[in-house]
Amino acid sequence: MQDLLLKITDQSAKIGIIGQGYVGLPLAMAFTKKFAVFGYDVCLNIVEGLRAGNSHIQDVTNDQLSKSLGYTYFPTSNPEDLRQCDFIIICVPTPLTEDKIPDLSYIKNACMTIKTVLHPGQFVILESTTYPGTTDEVVIPMLEDTGLKAGIDFGVAYSPERVDPGNKNFPIEKVPTVVGGINAECTDVAAALYRSVVEKIVSVRDARTAEAVKMVENIFRNVNIALVNEMALIFERMGINTWEVIDAAATKPYGFMPFYPGPGVGGHCIPLDPYYMSYKAKKYGLIPRFIETSGEINEFMKMHVVNLIEKGIRQVGKSLYGAKIAVMGLAYKKNINDPRESPAIKVIEELVNLGTEVRVYDPFVPSIQTKSGVFCSTWSIEEALAGADCAVFLVDHDMFRDISPQWMKGLMTSPVIVDGKNLFGEEEGIVYLGIGKGRV
Ligand SMILES: NC(=O)c1ccc[n+]([C@@H]2O[C@H](COP(=O)([O-])OP(=O)(O)OC[C@H]3O[C@@H](n4cnc5c(N)ncnc54)[C@H](O)[C@@H]3O)[C@@H](O)[C@H]2O)c1
């Protein structure tokens, strides 16, 4: 592995990244500043788009892509291109099955691909989020099927991805990267690779520890969001404004970290990762009650939104059946175009099941797939609100903050606003129901 260290130092190392999505493409861009990068993806549309200079990821501009395309960045759908790579980094999805069991099929498929090109001297790094033990128990046995020995013939490490899509303050280079190799030498080599493009590296004792770091980070968020969601449900009944409470509590200079309530959590990480940990905990004979309860509370918030809509619609003397509902915000968080696991999906499905007429709007997400069909965003806010009985806001996109409730009232048939993200407040002549903001 001394060879690899030399190749890192003289920048001759070639890097293959399997999966060119939200994680893989920004990572590829970071590495192209020093190394030749082969961005491998099984999706031909993505590869062709990238080759044509079109980025499908909001955080990577076409400008940024074009600077390295053909020079140090080579999008490919040919696994043979990975053979020449010194490092192969896996950035494929880790979803759940229908019954909420970890679905490692993407990681296994990536390993199948690596097996076809693996040779002595290469180094494999897993970045996909997964339960502790995946690198040792799933990745290594598959790669050792080749007859090569991990840690001797080829290196292996785990490094959790921490990218926060849409957050311009923290590009990959600025976020400390955690690495854990399967032995001390592997940790050092992986750390050296990332250190060449990332400002701070945190080495941990092994791959399992690095995998556990990611679990803790995301479960910490899930549990804290669940806690404020539960407080919001209580305060709503007590007529206390949860947002005001949290902002005031956050002035304590130590021992408190603000989390805010909302209509549930989305994205490819926070809602899924607790189930990865929970699955593994059960294998060790433990039922993780805290982790599972947080998932249930956050899941319930979607139903709470529907309950608030029904309450508002009743207050204007109408029934939910046949009501026209404008669902505002399809992304799972503000100012991004990713609708994966978005609370909007469940809210739309429930509203359709209850017989409402749903139209949707999101400035970033053109359409959303639900069990009730595909919903396409209207072209404008006006179009979504025209004749609506209720507008429900699920995401705090910056542009939503500029909307005036009185202006909305002028477009709607009945002025019911359900606010999941503290965008508005009480106003004359408007039925306003906000998560965590009940009246006495
Ligand atoms: N999106 C995030 O904000 C984020 C943050 C931190 C960690 N993660 C984790 O990173 C991993 C990747 O997430 P993502 O958001 O980038 O997913 P993504 O769906 O955006 O991208 C994954 C890409 O992998 C490709 N792919 C799937 N199987 C493949 C295979 N066998 N060979 C080659 N390409 C393949 C897909 O076509 C897709 O383009 C997940 O484990 C996720 O939990 C995601």
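Two strands are said to pair if DSSP finds at least two bridges between them, and the strands themselves (E, at least two residues), like the helices (H or I, at least four residues), are DSSP runs numbered from the N terminus. The model shown is a predicted one, in which local features need pLDDT of at least 70 and side-chain atom pairs count only at pLDDT 80 or more, whereas totals for chains, interfaces and linings use all residues. Residues are numbered from 1 along each chain as its sequence is written.

**View 1. Strand β4 pairs with β1 and with β5.**
Four bridges join β4 to strand β5 (residues 123–126), and the two run parallel; within this pair, the bridge partner of F87 in β5 is F123. Strand β1 also pairs with β4 in the parallel sense, again over four bridges, and here G16 stands opposite I88 of β4. In a regular strand the side chains alternate between the two faces of the sheet. In β4 (residues 87–90), F87 and I89 point one way while I88 and I90 point the other way, and all of them are buried. A residue counts as buried if 20 or more other C-beta atoms lie within 10 Å of its own, as exposed if 12 or fewer do, and as partly exposed in between, with the C-beta atoms placed from the backbone.

**View 2. V37 and I89 have the most contacts inside the largest nonpolar core.**
A nonpolar core is a set of buried Ala, Val, Leu, Ile, Met, Phe, Trp, Tyr and Cys residues joined through C-beta atoms within 7 Å. The largest core of this kind has 81 residues, and its largest share, 11 residues, comes from helix α8 (residues 207–238). This core draws at least three residues from each of domain 1 (2–205) and domain 2 (215–440). Leaving aside its neighbours within four places in sequence, I89 is in contact with I15, I17, I18, L27, I125 and E127, where contact means that the C-beta atoms of two residues, placed from the backbone, lie within 7 Å. A second, separate core has 45 residues, among them A323, A384, L394 and L433. In soluble globular proteins, nonpolar side chains tend to be buried together.

**View 3. Strand β14 pairs with β13 and with β15.**
Strand β13 (residues 390–393) and β14 pair in the parallel sense over four bridges, with C390 standing opposite V416 of β14. Four bridges also join β14 to strand β15 (residues 431–434), which runs parallel to β14, and in β15 the bridge partner of I417 is Y432. From β14 (residues 416–419), V416 and V418 point one way and I417 and D419 the other way, and all are buried.

**View 4. A shell of 27 residues lies around the ligand.**
Of these residues, G19, G21, Y22, V23 and S128 come nearest to the ligand; a residue is placed near a molecule if its C-beta atom, placed from the backbone, lies within 6 Å of it. Helix α5 (residues 105–117) gives the largest share of the shell, four residues. By class, the shell holds 15 nonpolar, 10 polar and two charged residues, where Ala, Val, Leu, Ile, Met, Phe, Trp, Tyr, Cys and Pro count as nonpolar, Asp, Glu, Lys and Arg as charged, and the others, Gly among them, as polar.

**View 5. Domain 1 (2–205) and domain 2 (215–440) make up the domain assignment of the protein chain.**
The bounds come from an automatic or database domain assignment. Taken over C-alpha atoms, the centres of domain 1 and domain 2 are separated by 34 Å. The contact between them takes 15 residues from domain 1 and 14 residues from domain 2, and the side of domain 1 that touches domain 2 has nine nonpolar, five polar and one charged residues.

Most residues other than glycine have a negative phi, and most peptide bonds are trans.

**View 6. Helix α12 holds K346 and N353.**
K346 is buried, because 21 other C-beta atoms lie within 10 Å, whereas N353 is exposed, with 11 other C-beta atoms within 10 Å. The C-alpha atoms of K346 and V306, which are 40 residues apart along the chain, are separated by 9.6 Å.
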